[in-house]
Each structure stands twice: as structure tokens, then as C-alpha cells.
Amino acid sequence: MDSKIITPIELLKESIRNNTNLVLQGGAGSGKTETLKQTLSFVSKEYPTKKVACITHTNLAVDEIKSRVEGDYTISTIHSFLNNVIKPFKKNLHQELHRLFILPPFVSGNVSDFSSEKEYKLDEHTKYKKKYEQLGKKLFSLKKESMPKVIGKVIYDKNPTKYNTVLNDKITELNEYIEREISDKSWHKVKYNDSPYDNFSNLTFGHDGLVIISKVLFDNYPLLSKILIDKFDFIFIDEFQDTHPNIMKIFLELIPKDKITIGLFGDSMQGIYDDGIGTVEPYINNNTLIMIPKKDNYRCSEPVIDFLNHIRVPIDGLKQEIAYKKNNGQLESIAQRSGNVAVYYSIYPNSRPHQRSTAEAKTDYLQSIMNTLKKIEEKNPDYKKLMLTNKAIAENLGFLDLFNLFNDRYNEVNKEIENLLEKLGLLDLAEICIAFKEKNYKNLTSKLKKSGFVINKISDKSKATKLLNALTKTKLGVVRVLEFALKNQLVNSQDNYDLFVASKNEFLDGLNSDNEYQKFKKAYFSNSNSFTKFDKNHSGFFTPDTEYTGREASYDYLCRKLKKERFYIDLFSNKVRFDEVITFYNYANENTEFITMHKTKGTGINNVLVVLEDFFWSKYQFNSLFDIGSSTFEMKSKIEKLFYVACSRTKSNLICLKLITQDEEEMFTKYFPNNVQLNKI
């Protein structure tokens, strides 16, 4: 006798009836959003008088859920939801706001945790220096005060207790100043500013600050949990894996378990963002949540599903099965879900370059990758290419100067570009310009209004048209364009820009009076632009008391100053034009043939080509997939998730590409299942 198969939605309904917190876990294309819609429909029919909140991460996701459901639900982003909960409690916010701005004290480590006293002392000075620099930045940003240059390790080691005490006294003094300044201002001013940054001068807090202050309030004021319980009976969270751990603690630890039902929808295997919780396995293990697996895959072809299972099943056991959609009442055919998986690889004849390799070695390796990619494209056109951001992509698409500016200074280029452009309002400005060029006037009006440029009359519209015509045609550099936009209220990032400029000026002024740096700079540009050359040509340059122990470490420290100086000078010149920002915006939002793997989650794509290359990023080691070389469990787990998510966007045909060395071939080819076609180029 066949046993009846209990579907995920039936298990979900049973959990809701039993007032049990749950997590519905399903891979890409499993129909989680549709299941969320069914859940909302079930609750509204079964419990018509109860209140439901549905929380997700982006306004786009909010709009998608709203378009799929009918009923009186609170559907919002996590930030909007939290803000609506805490904003009535301005006095309490005012009392706790200092926590966003104060600096924790320096805490010494324990020598027994290190293999030697020398290693311990080096770590102590490194931490001291980092904390000293944090204090210097806060002092300048809050009080416009500068600090002397940090002492070197030789001096620090003579009396670390003394220097740690002096540092902590200065930190205490600053923290007391912060608390006084906030206390002296009216609590009425405290609010969420819906931006990435906290603002000390006007007592507002941004996205990250909202998460921190919300957790503090729920920790210290139990009344908030009671208010939330009175307000909602059910709270459903979409894409749980991207939710900050502090938010999960609020919902799963600080709210009484039997008073409200929490439902999570998402996939831990798609937890690729550093600030998300990733997995909720500890909450499953302690019975705070029950896990409901969803094995359907409505997106991918069967060969792609089999390959995704090859990646995933050894990790968490969730094996997806093909599921057919209905289009206009007609069920998909098997032929409509056909596809293929192929792996291409090429042997690189030299040693693989790394982060510190010469520019020539990197260029040669990169050219080999792009040549191999071109050969594949000739036989496989119309594929979207997913890979880490690199110089070849930047050159191909037209933001090479922007890429080079950040690549000279940072390891995580894509992330740093996005962070700074967002902070300065340049991504908002790019979106405004694109909306103007595409005549998307609804989005344009909304973005301008948020920036403070309100269109109420014909003259406002004419002014906006004139300004945006100028911006979309300009060949000026990014800073000149930003200053023009700020002056005309097209973006509202003036405070962030002022702080950035002040920090830049302080740094450059400091370099001008730094004799050691000026001597180093002159020597560096006299055919000594590597440590080997520098040490040979200027062997007596470094004194025993340097920023770090060792000549090479001292050289690296001064090189970082040099790179930072060049970064500021080039950014504030016309070297990087604003049209490159617009191009980067389109790339980051997947409007080009290349897609960055940093933000690779999204809708399905017919044909996908995944390039498994680190591009000299130390944070990503794709060889760990194949157990080639040494890597930590955390690194391998990160890469497995990134690879899985990239491949899972494929609807029909998937190609994976890797450049390997001769001694890696056996381990590489052994990773792939027998039904995957291997092609050596």
C-alpha cells in the first residue's frame, strides 16, 4: 500500500495550526515565493482576524510579493518594518543612540594564546595601531581634531601597558564627549535616515545602525516584544539566509516562542553575503524551528538539476527534482525543459600568478583566460557570462579607469567601488540619469523627490530636464559631476561627501609634512617600485623603529600610503569620468553580457557560462572546490555556495570554464560526474 506523500505546503499549514516556528528551505527555482503566497492565502482564510507581516530585503521584492497576493497584509522591507516598530520610542532611542558612535576600548590578548612571545607582541602592536587609527578617524570626524603619528613597535614594546592605558583614556574621553553631545540635543531629532550611514550631527542612523539599535532596544526594553506580539500574529521572512543575525535573534530569541508564529522562507545554500545569517541550523537543532524541505525545481533543465545536486547533496542532503510549470493552463513538456551541462578547461603552461605577482604575469594569465573564453563563445553564442569582476571585463564594458583606480588599492574591487559610489550618492545619480535617458519618468520623479528635488510645476520640470541633459552628455570627472549634482539637489549625500573630502585633505596634508614618506616616494619612483629593488638600492633607508617590524613590512606600509595618495589624486581629477559610473551601474545591475558573481542571485537565464577564476582575489579560491591546494573549511563552503548559486541561475544550458595547471588536471576532472561532458581546449 502506497503511503501518501505530504507536500511542503501541507507541512507548513500543519506547523501554522500548531503555532510552531518553521523554516521552508528550497533551492533556486523551487517556487518559494509562490509557496509564501499560498501561505498568506491560507492564513487569511483560516485566521481572517489575525494580523500578518511579510518581510523581505528589497523594495523590488516587496513589489513582487504585493503583485502576487491579495489581502490586508503588512508587506515591507526589513528596514522599513524595524523602523516602524521602534520609531515611536524616540526617548529610548535617544538614550541608546550613543552605542552607534562610541569606540570600544583596546583589550589586550593573552600571551598563552600564541605560539611565541614574539608573535604575541607583534599582534598586540598591530591591534594597538588599528585601534589608534580608529580613534584618530573618529576624533577627526566628530571633533575635527588630529592625532600624532602612531608610535612604532620598538617604542611600544618598552611599555605596552602605559600606551594601552593612555589610548583607552583618550577613548573614554571621546566616548564621554559623544554621550554628552547626544544628551544635550533634543530627542525629537532622532530618526532613521534611510541611507547607508549614521549621522552624528543630526542624530540620525542608517541601515546598519537601525539593525544595531533595534537589537539594543529589544534587549533592554521587553515592552517592545509585547507590542510586536499585540500587533502581529504571524511574521514571515523571505530570503532568511540574507537576514542579519541580530534580526534573527530578535525574532527567534527575544520574542516569546508561543506568542507569535515566525516563518522563514529561503535557502542556506544561497547564503553568499557576509552580513547575512546564512544558516539557521542551530535554531533547528534546538527545536526553535522545524525544517520543511522543498525539493521542486521549476527553473532548470534536468541536466542542470542533476549537476546542482552533485554540488549540493554532499553538503546538506537536499536533492532537487524537476517540476513542471503551467503556462496558460498548459503543463510544460519535457522538451521545453531540455538542456545540457558542459565543462571546458585549458592547461596554463606556467605557474599560476597570485596577488603579489608581477603585472606582466597577471596580464598573461588573464589574456589566456579571455582567449579560451573567446574560443568557447565562437561555438556557444548567446550565453551570459558569470565571473568575478576583473580588468578584462572592465576594459570590455568601458569602466577600466574606474576599475584601475580601485584595483591599485583594494583587494575586493567590486565591493569597494560599490561602497564608495553608494556612500557619495553616485549610484543614485547614475540611476537618475539612466531613468532620464530611458524616459522612465515615474522612477525619475521618485528618485528626485527622495533627493530633495521636488517637481511641482513646469519650471521645476524644465530645470530638471536641463540639468539631466547636461549630466548625461558630460565628459567631466566623477567628483566634478557629483559637486554639480549636490549643488542642484539631484542627490542628498552632502554630509558624506564633506566627511570624505575632509578625510582626504587631512591625509594628504599629513603626507606633505611626513619626511620619511617623501623620501620613500622619491626613492620608489627612481627604479625601486618593488621591495627587492628598493631593498637593494636603498638598504639603509629603514630605521629599527618602523611602523611594523621588518623591512618588507615597512615597505608595504609606505606603499599603502602611496597607493592611497594616488587614489585620492586620481579620483579628484578628470581621470575617471562619470560615464564610467553609469556603465558600472549597468554592469552591477546585470544589464550587460557579463554578470558579477558577487551579486549573482536573481532570475533565471537561458544560457549561462560560469568562469571559475579567482582573478587574483585572496578572498576567493575556486581550487578549493576540487581539493586542490590548501584552504579552510570556511573558504571551501563559501566557494561551494557561490558556485551553486551561479550555476542555479541556468534555465537550459550551462557551461563551466577553468584554466588549470598540468598538475591540477587529475583532481579537477575527478570532481565532475560522469554524465557531464568534459572538453579540453
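Helices (H or I, at least four residues) and strands (E, at least two) were taken as DSSP runs, numbered from the N terminus. The structure is a predicted model, in which local features need pLDDT of at least 70 and side-chain atom pairs count only at pLDDT 80 or more, whereas totals for chains, interfaces and linings use all residues. Residues are numbered from 1 along each chain as its sequence is written, and side-chain values use heavy atoms, with hydrogens and water left out.

The protein chain is divided into domain 1 (8-89 + 221-294), domain 2 (100-184), domain 3 (297-383 + 593-680) and domain 4 (416-579), with bounds that come from an automatic or database domain assignment. Between domain 2 and domain 3, the C-alpha centres are 45 Å apart.

The entry lists "domain: UvrD-like helicase ATP-binding" for residues 5-314. This span is 52% helix and 12% strand, and its end C-alpha atoms lie 24 Å apart. The annotation "coiled-coil region" covers residues 403-430, a span that is 75% helix and 0% strand, with end C-alpha atoms 17 Å apart.

A nonpolar core is a set of buried Ala, Val, Leu, Ile, Met, Phe, Trp, Tyr and Cys residues joined through side-chain atoms within 4.5 Å; buried means under 20% relative accessible area, exposed over 50%, and partly exposed in between (1.4 Å probe, protein chains only). The largest such core holds 127 residues, of which Phe-307, Val-610 and Phe-643 touch the most other members. Helix α18 (residues 426-437) gives the most to this core, namely nine residues. Because domain 3 and domain 4 both give residues to the core, it lies between them. Another core, of 59 residues, lies apart from it and includes Leu-139, Ile-235, Phe-251 and Leu-252.

Glu-664 is located in the loop between β17 (650-660) and α28 (665-671). This residue is buried, at a relative accessible area of 9%. Contact is defined as heavy atoms within 4.5 Å; beyond residues up to four places away in sequence, Glu-664 touches Arg-352, Asn-623 and Ile-628.

Helix α23 (residues 515-524) packs against helix α25 (residues 551-571) at an angle of about 85°, with the axes 10 Å apart. Axes are lines fitted to C-alpha atoms, for helices over the stretch in contact, and angles run from 0 to 180 degrees between N-to-C directions. The contact involves residues including Tyr-517 and Phe-520 of α23 and Tyr-555 and Leu-558 of α25.

How values were computed
UniProt positions renumbered as here; feature names shortened; annotations may be inferred.
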